[in-house]
Amino acid sequence: MTDGSAFRVRFPEDEAREPWLPLLLNAYAVLDAGLAEAIAATGRRPACRSGCAACCRQPIPASSLEVLGLTWYAHRHSRGRRRRALQRSLAAIREGMDCPFLIEDTCAAYTLRPMACREFVVFGSPCRDGEQPATTRLPDVLPLPRAIQRRAFWHMLPYYGLTDPALREAALRDNLVLRDTGILQGRDWSWLAGILV
């Protein structure tokens with residue numbers, strides 16, 4: 001298992017200002033590295049590709065740290081026409097809609113997309129609109145590598161004030177990060193839409 005450094009994106013100035021940001025970026029790097037290894041171990045090639053957005057049309061869970069990351073990324077890194085489209089999407093979001101960050105079948109916050117998005121890997125053929133491959137073709141869905149997810153969560157725990165290793169282990173056993181997760185489409189994003197104007 002690699003440490004994820006090859007997958008780590010960097011925002012040096014922002015990371016110096018925002019102590020939560022390196023925690024999230026480190027967690028994502030560990031997760032992405034582990035997923036790359038899990039995918040390679042299957043000997044199969046993912047069907048997921050740019051413009052394939054069927055998974056963005058289902059409920060998307062994200063922790064409060066991930067929501068903070070999405071908010072930061074939208075505010076600091078969205079520009080021009082894309083920013084305006086994201087602002088309209090966030091202002092109109094309601095439960096049951098596509099992910100509010102899905103703009104023209106592309107993720108407007110791909111670099112900071114939540115773990116649930118990163119973990120959803122489908123083999124074979126791309127998902128059809130409305131398809132739930134976890135029920136229609138389970139053998140084509142990469143099984144969720146819990147150990148990899150757990151290692152990623154470990155990096156997130158200081159956000160919750162947990163730096164002691166024993167407390168972090170207890171938080172992992174208690175599913176702290178998962179208990180702090182809500183559905184993106186169920187959140188009120190109007191405040192972020194107001195900032196993006």
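Predicted model: local features only at pLDDT ≥ 70, side-chain atom pairs only at ≥ 80, totals over all residues.
Reader: Where is Asn175 found, and what is its phi?
Author: Asn175 is found in the loop between helix H8 (165–173) and helix H9 (176–179). Although Asn175 is not a glycine, its phi is positive, at about 55°.

Reader: How far apart are the end C-alpha atoms of helix H2, and what span should its 23 residues give?
Author: Helix H2 covers residues 20–42, and the residue that follows H2 is Gly43, whose positive phi is near 75°. At 1.5 Å a residue, the 23 residues of H2 should span 33 Å, which agrees with the separation of its end C-alpha atoms, 34 Å.

Reader: At what angle do H2 and H3 pack, and what are they called relative to each other?
Author: Two packed helices are described by the angle between their axes and by the distance between those axes. For H2 and H3 the angle is about 105° and the axes are 10 Å apart. Since angles from 65 to 115 degrees fall in one class, H2 and H3 are therefore roughly perpendicular.

Reader: Which residues of H2 and H3 make the contact, and how many of them are nonpolar?
Author: From H2 the contact draws on Trp20, Leu21, Leu24 and Tyr28, while H3 contributes Leu65, Glu66, Leu68, Gly69 and Trp72. By class, one residue of this contact is polar and one is charged, and the number of nonpolar residues is seven.

Reader: Is Leu70 buried or exposed, and which residues does it contact?
Author: Leu70 lies in helix H3, residues 64–77. Because its relative accessibility is 2%, Leu70 counts as buried. Leaving aside neighbours within four places in sequence, Leu70 is in contact with Phe101, Ala109, Leu112, Arg113, Pro114 and Leu184.

Reader: Is Arg118 buried or exposed, and what does it touch?
Author: Arg118 belongs to helix H5, residues 115–119. With a relative accessibility of 7%, Arg118 counts as buried. Not counting residues up to four places away in sequence, Arg118 touches Tyr28, Leu31, Asp32, Leu35, Tyr110, Thr111, Leu112 and Arg113.

Reader: How many disulfides does the count give?
Author: A disulfide is a covalent bond between the sulfur atoms of two cysteines, and a pair is counted here when its sulfur atoms lie within 2.5 Å. The sulfur of Cys56 is 4.2 Å from the closest cysteine sulfur, in Cys55, which is too far for a bond, and the sulfur of Cys99 is 6.1 Å from its closest, in Cys56, also too far. Cys56 counts as buried at 17% relative accessibility, and Cys99 counts as buried at 9%. The count of disulfides comes to zero.

Key:
Residues numbered from 1 in each chain as written. Heavy atoms only, no water. Helix = DSSP H or I, 4+ residues; strand = E, 2+ residues; numbered from the N terminus. Buried < 20%, exposed > 50% of the residue type's maximum accessible area, 1.4 Å probe, protein only. Contact = heavy atoms within 4.5 Å. Expected span 1.5 Å × (residues − 1). Axes fitted to C-alpha atoms, helices over the stretch in contact; angles between N-to-C directions. Parallel < 35°, antiparallel > 145°, perpendicular 65-115°, else oblique. Nonpolar A, V, L, I, M, F, W, Y, C, P; charged D, E, K, R; others polar.
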